[in-house]
Amino acid sequence: MRSRLGLFALLAGAVLTLVGALLPLYHQAYRLAEQLEFEVTAWNVRTITGPQPDSDEFRSSVQYGIPLAVAAGLLVLAALFLRHRRFGAVARFLAAGVPLMLVGAVWTILQVYLRLAQGNRRADPITLTSPGLGLWILAIACVVALVGGVLVQRVPDQLERAPEPEGPVVYRLPDSEEHEQVS
Amino acid sequence: MELREDVSRSPRRRVVGGVALAAGAVLALVATRLPLTRQDIRFPEGASWYETGLWGTRASSDIGSVLDPSPVRYGVPVVVAAVLLVVTAALVLGARRLPDRFAAPVNVGAVLAAFLLTGSGWTVGQVLLSSFRNEESAFATVTTSVREGVWVLGLACVVALAGGLLVQAWPVRAAVPPPERGVVVHRLPDDSGGPVIPVPDDTAGGDR
């Protein structure tokens with residue numbers, strides 16, 4: 001039950017990561033002569049108001065989405081191979097580590113956001129930055145994946161103890177008819 | 001041959017892993033003091049340079065005054081990961097003095113720290129890639145180069161991950177020891193009072 005819950009948490013963490021990467025990480029509004037407002041996702045920059053470029057959505061110069069997508073892929077792989085006889089240990093290793101890789105990526109994005117949000121505190125701010133839904137969802141993805149990673153780990157008792165056989169135990173005794181009975 | 005699952009806990013491998021975790025931490029901390037990229041800007045009337053690191057930027061005196069006074073502190077998650085690596089390395093190397101029940105959490109902690117460093121290091125790499133440009137115009141020539149901080153940070157991630165791998169108790173397929181020679185007597189459950197049947201060992205050879 002514990003392991004199954006962990007498996008679902010890992011998969012949910014992966015899905016939340018992919019969804020969070022597609023949603024805006026932060027919004028920025030420039031208070032210039034002409035209003036300019038845009039939102040940044042892990043892949044693209046989307047213009048909301050302002051002079052329209054060739055397209056109102058273009059590729060972001062920083063592709064945060066790459067480490068996020070790789071982390072999501074590794075979480076799925078870890079979940080798929082958890083019960084594999086040969087790769088189960090590798091899957092548990094990934095299940096423990098990849099959520100922290102996700103945390104590292106999201107934390108770095110947060111550092112960028114915190115720097116941009118410093119501009120809000122100026123007396124007459126030129127830019128106003130606010131967090132987007134994507135940043136919150138990525139934070140939730142980190143927590144969910146971490147919980148999953150912890151739940152699928154084997155506790156020491158499980159490592160040491162051989163599984164108890166179920167039902168009656170039958171021993172095959174070879175050549176028993178050749179020997180005398182000992183009372 | 002029958003196989004059973006066991007876990008390997010080679011003391012020497014754990015020591016190497018612990019040392020690798022500590023080395024990863026030191027390399028990560030060194031990387032925070034080194035520049036990651038450098039941009040050289042050549043104007044017709046002179047030249048300037050601009051370096052980016054994990055704690056901010058450094059520039060030649062002529063453009064230093066126009067730099068952002070509060071740059072992005074990419075170094076925060078890297079330093080936290082380095083501290084976690086130091087703690088787990090100390091716990092791994094001092095594992096003999098710890099009760100057995102701490103072994104598994106320490107192993108997981110080593111993995112967490114190594115992956116935290118990798119995740120933050122990789123994302124910083126994505127930011128650096130965006131600043132990579134080489135331009136040539138009538139006004140200026142911009143050349144971007146990778147500095148030693150990138151290599152040291154990359155090496156720190158690899159070494160820390162290797163340490164995280166080495167300290168794990170990986171399952172191994174161990175052969176079940178061969179049965180003892182001679183007559184084996186099986187005690188059958190729920191057979192109290194009944195006869196106990198001696199069974200010859202096939203591998204004993206020559207006893208019959």
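Q: Given that pLDDT is the predictor's confidence in each residue, from 0 to 100, what is the mean pLDDT of chain A?
A: This is a predicted model, and confidence in chain A is lowest in helix 5 (residues 156-160), at a mean of 54, and highest in helix 4 (residues 133-151), at 96. Of the residues of chain A, 81% reach 70 or more, and the mean pLDDT of the chain is 85.

Q: In which element of chain B is confidence highest?
A: Chain B has a mean pLDDT of 80, with 73% of its residues at 70 or more. Residues 204-208 of chain B have a pLDDT below 50, and this stretch has 5 contacts in the model beyond near neighbours in sequence. Within chain B the lowest mean, 46, belongs to strand 1 (residues 3-7), whereas the highest, 96, belongs to helix 5 (residues 148-166).

Q: Which are the edge strands of the open sheet in chain A?
A: The sheet has 5 strands, paired antiparallel in the order 4-3-2-1-5, and the twist averages 20 degrees from one strand to the next. An edge strand pairs on one side only, and in this sheet the two that do so are strand 4 (57-59) and strand 5 (127-131) of chain A.

Q: Which residue is the bridge partner of Phe38(A) in strand 3 of chain A?
A: Strand 2 (residues 35-40) and strand 3 (residues 44-49) of chain A run antiparallel and are joined by 4 bridges. For Phe38(A), the bridge partner in strand 3 is Thr47(A).

Q: How many residues of the largest nonpolar core come from helix 3 of chain A?
A: The largest nonpolar core holds 74 residues, and those touching the most other members are Tyr64(A), Leu68(A), Leu102(A), Phe115(B) and Leu117(B). Leaving aside neighbours within four places in sequence, Leu68(A) is in contact with several residues, among them Leu102(A), Ala105(A), Val106(A) and Ile109(A). Helix 3 of chain A gives this core its largest share, which is 17 residues.

Q: Is Pro44(B) buried or exposed?
A: Pro44(B) is found in the loop between strand 2 (35-43) and strand 3 (46-53) of chain B, and beyond its neighbours within four places in sequence it is in contact with Ala138(B) and Phe139(B). Although Pro44(B) and Phe139(B) are 95 residues apart in sequence, their C-alpha atoms are 6.9 Å apart in space. Because exposed means over 50% relative accessible area, Pro44(B), at 66%, counts as exposed.

Q: Is Ser60(B) buried or exposed?
A: Ser60(B) lies in the loop between strand 4 (57-59) and helix 2 (61-64) of chain B. Not counting residues up to four places away in sequence, Ser60(B) touches Ser48(B) and Trp49(B). Its relative accessibility is 9%, and because the cut-off for buried is under 20%, Ser60(B) counts as buried.

Q: How far is the backbone oxygen of Gly164(B) from a polar atom of the side chain of Gln168(B)?
A: Gln168(B) lies in the loop between helix 5 and strand 7 (171-175) of chain B, and with a relative accessible area of 12% this residue is buried. Between the backbone oxygen of Gly164(B) and a polar atom of the Gln168(B) side chain, the distance is 2.9 Å.

Note on methods
Residues are numbered from 1 along each chain as its sequence is written. Chains are lettered from A and ligands numbered from 1 in the order in which they are written. Side-chain values use heavy atoms; hydrogens and water are left out. Buried means under 20% relative accessible area, exposed over 50%, partly exposed in between (1.4 Å probe, protein chains only). Contact means heavy atoms within 4.5 Å. Two strands pair if DSSP finds at least two bridges between them. Axes are lines fitted to C-alpha atoms, for helices over the stretch in contact, and angles run from 0 to 180 degrees between N-to-C directions. A polar contact is a pair of N or O atoms within 3.5 Å; within protein, one must be able to donate a hydrogen and the other to accept it, and residues adjacent in sequence count only if both atoms are side-chain atoms. A nonpolar core is a set of buried Ala, Val, Leu, Ile, Met, Phe, Trp, Tyr and Cys residues joined through side-chain atoms within 4.5 Å.
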